Amino acid sequence: MSKVTVRYWAAAKSAAGVAEEAYDADTLAEALDAVRGRHPGELTRVLQRCSFLIDGDPVGTRGHETVRLADGGTVEVLPPFAGG
């Protein structure tokens, strides 16, 4: 398993109650399953509206189970932002 850091922004940070956490996961799907397991309440709902960056690269519409995570990598959780 890869050790990754999940960083939360805006509403995701508020719902998680922390700015970042470490997880063991090989894919984005595994990481998000672990996040949902640790935070089964509001954060689970917020994640449905989020986009994700993996080591600075957008995930886009790729299936989360196909997005591989590197050991020491970072998952950025980005809720929709107001304004422009």
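**View 1. Salt bridges in the predicted model.** The structure holds six salt bridges, a salt bridge being a side-chain nitrogen of Lys or Arg within 4 Å of a carboxyl oxygen of Asp or Glu. This is a predicted model, in which local features need pLDDT of at least 70 and side-chain atom pairs count only at pLDDT 80 or more, while totals for chains, interfaces and linings use all residues. Residues are numbered from 1 along each chain as its sequence is written, and side-chain values use heavy atoms, with hydrogens and water left out.

**View 2. The salt bridge between E20 and R7.** The closest N and O atoms of E20 and R7 are 3.1 Å apart. E20 lies in strand β2 and R7 in strand β1, so the pair ties together parts that are 13 residues apart in sequence. Helices (H or I, at least four residues) and strands (E, at least two) are DSSP runs, numbered from the N terminus. E20 is partly exposed at 45% relative accessibility, and R7 is partly exposed at 31%. Buried means under 20% relative accessible area, exposed means over 50%, and partly exposed lies in between (1.4 Å probe, protein chains only).

**View 3. The salt bridge between E21 and R38.** In this pair the closest N and O atoms are 3.3 Å apart. E21 is buried, at 13% relative accessible area, whereas R38 is partly exposed, at 44%.

**View 4. The salt bridge between E42 and R45.** Here the closest N and O atoms are 3.1 Å apart. E42 and R45 are three residues apart in helix α3 (residues 42-47), which means that about one helical turn separates them. E42 is partly exposed, with a relative accessible area of 41%, and R45 is partly exposed at 45%. Elsewhere, salt bridges that share partners join R7, E20 and E76 into one network.

View 5. Five strands form an open sheet in the order β2-β1-β5-β3-β4, with mixed pairing; two strands pair if DSSP finds at least two bridges between them. The edge strands, β2 (20-24) and β4 (57-58), each pair on one side only. Helix α2 (residues 28-38) packs on the sheet and touches β1 (3-8), β2, β3 and β5, where contact means heavy atoms within 4.5 Å. The direction of helix α2 makes about 120 degrees with that of β2; axes are lines fitted to C-alpha atoms, for helices over the stretch in contact, and angles run from 0 to 180 degrees between N-to-C directions.
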